[in-house]
Amino acid sequence: MTASEDHARWRAERRAAVTAPTGNLALVETRWTGSTRPDIAAEQEAAPASVTVTPIERKDIVTGEPEHGLRVWDAESPAIRAFQGIDVYEYDPAWAIDAQFTPVGSDRTVPFEHIRDNGGTRDLVVPGDIAFRREGVDHRFAAFDDGGALILVFGDPTNGEETYGSGRFLFVRRRDGAGFGEPGTVILDFNRAFVPPCGFSAQYNCPLPPAQNRFTVPVRAGERNVLFHDGFDIYAAA
């Protein structure tokens, strides 16, 4: 399989993922219940057949105490019905970059601002740094742990003009077969940069790129924006 064919397969997988019954487009409600755990079983029983209810938990941005809630996913959501596709750049092999991952102490965190936190920040654990050189410029980005996978949250000058305004995400792949958290060579294939979940539903609270994860040059690779029919607006539907 050629690199272009592999990229086409990834695009098809992305479409299937975001349109799934609990995919990004299906999220229609995020409800926080504070210190009280919601009764997920009761919520599910009362829901229509197309709806799935799942628990969610985070730390309170002020107190740091656990905060409970639930998410409501609808396989027949307005966003799924209006979804047209994801606009992407043409595959560019020059944006598949080898980099070096260096782990850091488990207690290191970086403050990430999130879309729905009104300028507040949440400290996310950063397992390590990813260093690479691109067109004579050295970069050192912070990667964080997304359920056992390294992920970059990055920004570049295309944001808001050609690509999703709040930045994009990229899963980091290993080239050397090493496990998560081990030092070594990784692949940053920006052709697989993707629009974060908050580009598909206003019910997500996505982290924004920290200052050290911002390119000064345009990254014209990967996904650009989510396309909807007839001017559908995820914020109007929220």
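**Briefing: pocket, sheet and cysteines**

Strand β7 gives the largest share of the lining of the largest pocket, with five residues. The model is predicted. Its largest pocket holds about 1,200 Å³ of space. Seven strands make up an open sheet, and the structure has zero disulfides.

**Largest pocket**
- The lining counts 43 residues, and H114, F144, D146, N205 and P207 are the closest to the pocket centre.
- Elements that each supply at least two lining residues are α1 (3-18), β1 (27-34), β2 (51-59), β7 (121-125), β9, β11 and β13 (184-189).
- By residue class, the lining splits into 19 nonpolar, 15 charged and nine polar.

**Open sheet**
- The strand order is β11-β10-β9-β8-β5-β13-β12, with antiparallel pairing.
- The edge strands are β11 (168-171) and β12 (173-174); each has a single partner strand, so one side of each lacks a neighbour in the sheet.
- Strand β9 (residues 137-145) runs antiparallel to strand β10 (residues 150-154), and two bridges join them.
- Within this pair, D145 stands opposite L150 in β10.
- Strands β9, β11 and β13 of the sheet also each supply at least two residues to the lining of the largest pocket.

**Cysteines**
- No disulfide is present: the count is zero.
- C198 has 3% relative accessibility, under the 20% cut-off, so C198 counts as buried.
- C206 has 4% relative accessibility and therefore also counts as buried.

Technical notes
Residues numbered from 1 in each chain as written. Predicted model: local features only at pLDDT ≥ 70, side-chain atom pairs only at ≥ 80, totals over all residues. Heavy atoms only, no water. Pairing = 2+ DSSP bridges. Helix = DSSP H or I, 4+ residues; strand = E, 2+ residues; numbered from the N terminus. Disulfide = S-S within 2.5 Å. Buried < 20%, exposed > 50% of the residue type's maximum accessible area, 1.4 Å probe, protein only. 1 Å grid on protein atoms, 1.4 Å probe; cavity = no way out; pocket = protein on both sides within 12 Å on 5 of 7 lines; lining within 4 Å. Points joined across faces, edges and corners; volume = space filled by probe spheres on them. Nonpolar A, V, L, I, M, F, W, Y, C, P; charged D, E, K, R; others polar.
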